[in-house]
Amino acid sequence: MGLTSTKQSTLTSADYSLTLSSDYYRAQETIVGELHLNIRTKLRIEKEIRIDLIGELIDKRSRRTGQKQSSAQSNKNIFFTYPRILVTSHENGTARVIKQQQITYPFRIPLGMSLPPTCDFKDNFSINYYLDIIHDRHLLPQTHKRLLIAPPQPNVICPQPVQVNGSNDLKIICSLQKNCYSCLESVPITVHINNPKQKQILQMTAQLIQLVQLNMNKREYEIFTALLNEIPENDKTSTMTTNCEIILPTDLVPTFVTNDQIHPDNLPVINVQYEFKITAHMKGTLATNVKLTLPITIN
């Protein structure tokens with residue numbers, strides 16, 4: 001587990017810093033970095049100097065029960081620790097002493113497939129990752145180096161169209177050009193309408209839904225609802241095919257689905273998925289709106 005002690009370490013008499021090849025990594029990549037030491041007098045190592053990669057889950061749900069901020073801190077859970085030892089004491093167990101000098105220790109930390117991504121859901125939970133420097137079992141102050149970890153790059157495929165049949169032989173088919181998109185990207189949606197009885201469609205909307213799961217807790221969030229302006233209001237056309245465009249917002253958490261076959265027991269089960277709910281709003285007080293669901297992956 002990660003250490004939280006800030007007891008004085010002899011390393012605090014040296015200048016130390018971390019540099020990384022990036023602050024953003026995907027699953028299966030390798031964190032590449034260096035620990036830089038400027039030893040002003042001498043450094044004594046009784047045990048070891050190491051870098052810890054920490055994964056932390058913060059469950060925010062108790063804050064809705066009126067608990068104070070201090071008690072909410074008890075919901076922090078370190079679910080993942082990966083230590084990378086950089087330098088140890090001598091093999092015979094005696095302390096290692098490094099005299100005044102500047103020295104750099106490179107390190108590499110491989111990331112597996114199963115780590116949930118960095119994420120923050122305001123009223124639910126967040127996943128954070130950071131690096132700590134540990135000297136002789138003591139956490140050095142001001143060494144919290146935060147990282148962003150994303151899921152693996154998804155495979156780009158052409159998904160199958162989704163079809164729904166409404167009353168009076170109304171048929172709507174929607175399709176995406178590809179399965180995955182990035183934040184701020186334009187998403188073209190091809191809409192085909194077969195309306196042989198020319199029932200009046202007041203308008204069509206697309207609602208982006210985010211589906212979030214933490215272990216057994218599931219939530220659903222509406223990101224936005226957009227009017228598909230490319231489809232005329234009060235339309236009665238018997239057949240229509242058109243391309244509608246929707247711009248995705250910024251800062252969407254990437255899609256992530258836990259793989260049950262390779263998921264370690266100590267990691268939280270987290271799923272983040274997205275879908276468009278396309279609705280044709282029909283005229284008439286007794287009319288039934290026609291709805292279909294179009295899954296989409298955010299990378």
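Analyst: Strand β13 and strand β19 (residues 290–298) pair in the parallel sense over two bridges; pairing here asks that DSSP find at least two bridges between two strands. Strands are DSSP runs of E of at least two residues, numbered from the N terminus. This is a predicted model, where local features need pLDDT of at least 70, side-chain atom pairs count only at pLDDT 80 or more, and totals for chains, interfaces and linings use all residues. Residues are numbered from 1 along each chain as its sequence is written, and side-chain values use heavy atoms, leaving out hydrogens and water.

Now step back to the sheet. It is open, has five strands in the order β13-β19-β18-β15-β16, and its pairing is mixed. At its edges lie β13 (180–181) and β16 (217–227), each pairing on one side only. In general, strands of a sheet pair through backbone hydrogen bonds, either parallel or antiparallel.

Next, look at Cys-180, which stands opposite Thr-297 in β19. Cys-180 is buried, at 2% relative accessible area (buried means under 20%, exposed over 50%, partly exposed in between, with a 1.4 Å probe and protein chains only). Its closest cysteine sulfur, in Cys-158, is 12 Å away, too far for a bond; a disulfide is a pair of cysteine sulfur atoms within 2.5 Å. Cys-174 is in none either, with the nearest cysteine sulfur, that of Cys-244, 7.8 Å away. Cys-174 also counts as buried, at 0% relative accessibility.

How values were computed
Helix = DSSP H or I, 4+ residues; strand = E, 2+ residues; numbered from the N terminus.
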